[in-house]
Amino acid sequence: MTRTVLKFGGTSVASPTALESVARIVRETEGERVVVVSATAGTTDALHAAAREAGNGEASVAERIVSDLAKAHANLVADLLGVGGGDVLGQITDLTERTISLLRSVAILHECTPRSLDAIVTYGEKVSAPIVAALLSARGTKARSLSAEGLIVTDDAFGHANPLVEETKTRVQQEVLPHLRDGTTVVITGYVASTVDGVTTTLGRGGSDYSAAVLAAALHADTLLIYTDVNGVMSADPRIVHGAKSLERVSYAEAAELSYFGAKVIHPRTVLPAIEARIPVRILNTFAPEHAGTTITADPVFDGSVVKATTSLGGLGLITVQGAGMSGVPGFAARVFDTTAAERVNVLMISQSSSENSICLVVPADGADRLRRALERMFSAELRRHDVERVEVEAPVAIVAAVGEGMRGTPGVAARVFGALGRAGVNVIAIAQGSSELNISLVVAEAERDKAVRAVHEEFHRS
Ligand code: ADP
Ligand code: ASP
Ligand code: MG
């Protein structure tokens with residue numbers, strides 16, 4: 001008997017039309033089925049906003065946000081299930097009350113810790129999973145929902161927790177397999193997990209894909225199907241490039257680079273558990289289920305293209321540490337990275353000029369000024385001696401990346417990228433080539449991001 005994990009993203013569970021399509025897709029999938037669902041589109045953002053309001057003491061604003069979410073979900077249930085939705089409505093009410101009390105406590109304390117935040121933002125998946133399970137049952141698929149708390153076991157890095165493979169496998173097999181054997185489709189909350197002690201955690205924004213991959217690995221699934229709102233992985237974000245084409249096949253390595261550099265269509269860490277377990281992954285469209293979408297393959301796929309896709313990631317800051325006294329000084333870069341580690345700022349890209357006169361770091365814009373101050377403290381003696389001239393921040397900037405296996409060993413790719421950007425009048429602030437030779441990434445001003453993506457895409461996908 002085949003075992004399939006199907007993951008449905010936010011837009012796929014947000015409307016009656018989408019949900020009816022979900023029910024059809026699941027029903028037509030043969031064998032044992034595990035369904036992983038996201039919160040409905042926009043819900044997780046709204047929950048973050050509610051938590052922020054509560055942290056500022058605005059309890060009533062926070063409560064209103066959650067009551068509005070509860071109403072929207074109740075309407076969805078009414079549209080889909082009519083009077084048959086009573087049980088689910090009861091579950092939504094319980095979850096809503098619990099979330100509102102959490103928000104009230106946060107408002108009293110005027111502080112939303114990462115731990116409280118995770119408990120609050122998981123409301124979205126906790127309401128969508130029972131809705132999907134009830135709909136499946138109503139449409140003829142025997143189903144039940146489970147929270148991934150107690151199933152996906154993680155460390156306590158709240159907000160971006162890391163699954164513990166062995167514990168997760170044991171729990172998942174214990175809790176999920178009996179239902180599958182009994183012919184029940186199990187609907188599990190994406191994004192949500194818990195520590196060994198049962199404290200709620202989350203796997204990071206966009207993390208439902210990751211949940212699905214972790215569950216697929218723990219269950220030795222035959223296939224992982226990720227259903228979203230586009231025809232698979234495309235040659236660029238279709239919202240930026242209207243003529244973007246869907247890619248039939250991309251390798252795990254390409255998928256990893258693409259997701260790392262902003263192709264929101266797959267979560268950056270998703271591919272790892274799937275690669276290790278050698279489970280085939282397909283990205284498909286809930287709104288056009290007959291489209292073949294994208295298959296992610298273990299081995300490189302050379303389709304004659306040089307650059308397969310152009311992606312971008314915005315909301316970043318570029319920090320430059322510059323000074324003539326830096327060249328040839330051992331340990332300099334190490335001190336820069338000690339500082340980023342101590343400040344817990346995630347570095348997305350590094351480039352060092354060959355003269356060693358400067359080191360550039362690309363980090364999330366909201367951590368850039370804090371990191372600049374920390375670097376100024378770290379190098380205060382060098383700054384006084386003018387060995388380091390300055391620590392500068394440029395923000396907002398975006399990374400634009402051209403990705404493709406065909407770039408390996410193909411000369412002149414960088415020249416074509418820069419030629420295209422030059423003709424489009426885009427100023428390149430910094431560049432880096434990954435050691436994998438699978439991508440060239442560069443930094444541009446945020447305002448020029450879309451223009452840069454279109455120029456690079458046009459250069460490699462003219463046809
Ligand atoms: P889901 O809620 O299903 O997980 P996401 O919004 O996280 O969906 O991801 C899908 C979106 O990713 C698409 O609607 C598209 O706008 C965006 N996207 C960005 N880059 C790409 C790309 N290269 N290929 C396909 N989609 C992309
Ligand atoms: N709902 C979560 C988010 O919006 C996880 C996901 O959709 O994958 O980040
Ligand atoms: Mg997503």
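This is a predicted model: local features need pLDDT of at least 70, side-chain atom pairs count only at pLDDT 80 or more; totals for chains, interfaces and linings use all residues.
1. Surroundings of ligand 1. Ligand 1 is surrounded by 16 residues, of which the closest are Gly-10, Thr-228, Asp-229, Met-234 and Arg-239. Sorted by class, this shell comprises seven nonpolar, four polar and five charged residues.

2. In Thr-228, an N or O atom of the side chain is 2.7 Å from an oxygen atom of the ligand; in Lys-7, the corresponding distance from a side-chain N or O atom to a ligand oxygen is 3.1 Å. On its own, ligand 1 has 570 Å² of accessible area, and the protein covers 90% of it.

3. Surroundings of ligand 2. Around ligand 2 are Ser-38, Ala-39, Thr-44, Glu-125, Tyr-191, Arg-205, Gly-206, Gly-207 and Ser-208. Two of the shell residues are nonpolar, five are polar and two are charged.

4. Polar contacts of ligand 2. Glu-125 places a polar side-chain atom 2.6 Å from a nitrogen atom of ligand 2. For Arg-205, a polar side-chain atom is 2.6 Å from an oxygen atom of the ligand, and for Ser-38 the distance from a polar side-chain atom to a ligand oxygen is 3.1 Å.

5. Backbone at Tyr-191. Which phi does Tyr-191 have, although it is not a glycine? The value is positive, at about 70°. Most residues other than glycine have a negative phi. Tyr-191 is located in the loop that runs between β5 (185-189) and β6 (192-195), and Tyr-191 is also one of the residues around ligand 2. The local geometry may be read together with point 3.

6. Ala-395 and Pro-396 are joined by a cis peptide bond, with omega about -5°. Most peptide bonds are trans. Pro-396 belongs to strand β15, which spans residues 390-403.

7. Helices α4 and α5. Two packed helices are described by the angle between their axes and the distance between the axes. Helix α4 covers residues 86-109 and helix α5 residues 114-121; their axes come within 9 Å and cross at roughly 155°. Angles over 145 degrees count as roughly antiparallel, and α4 and α5 are therefore roughly antiparallel to each other. The crossing in which α4 passes α5 is left-handed.

8. Helices α14 and α15. Which angle do helix α14 and helix α15 make where they pack? Helix α14 (residues 413-423) packs against helix α15 (residues 449-461) at about 130°, and the two axes are 9 Å apart. That angle makes α14 oblique to α15. The crossing of α14 past α15 is right-handed.

Notes
Residues are numbered from 1 along each chain as its sequence is written. Chains are lettered from A and ligands numbered from 1 in the order in which they are written. Side-chain values use heavy atoms; hydrogens and water are left out. A residue is near a molecule or strand if one of its heavy atoms lies within 4 Å of it. A polar contact is a pair of N or O atoms within 3.5 Å; within protein, one must be able to donate a hydrogen and the other to accept it, and residues adjacent in sequence count only if both atoms are side-chain atoms. Ala, Val, Leu, Ile, Met, Phe, Trp, Tyr, Cys and Pro count as nonpolar, Asp, Glu, Lys and Arg as charged, and the others, Gly among them, as polar. Axes are lines fitted to C-alpha atoms, for helices over the stretch in contact, and angles run from 0 to 180 degrees between N-to-C directions. Helices (H or I, at least four residues) and strands (E, at least two) are DSSP runs, numbered from the N terminus. Angles under 35 degrees count as roughly parallel, over 145 as roughly antiparallel, 65 to 115 as roughly perpendicular and the rest as oblique. A crossing is left-handed if the near helix is turned anticlockwise from the far one by less than a right angle, and right-handed if clockwise. Accessible areas come from the Shrake-Rupley method with a 1.4 Å probe; for residues, only the protein chains shown count as cover.
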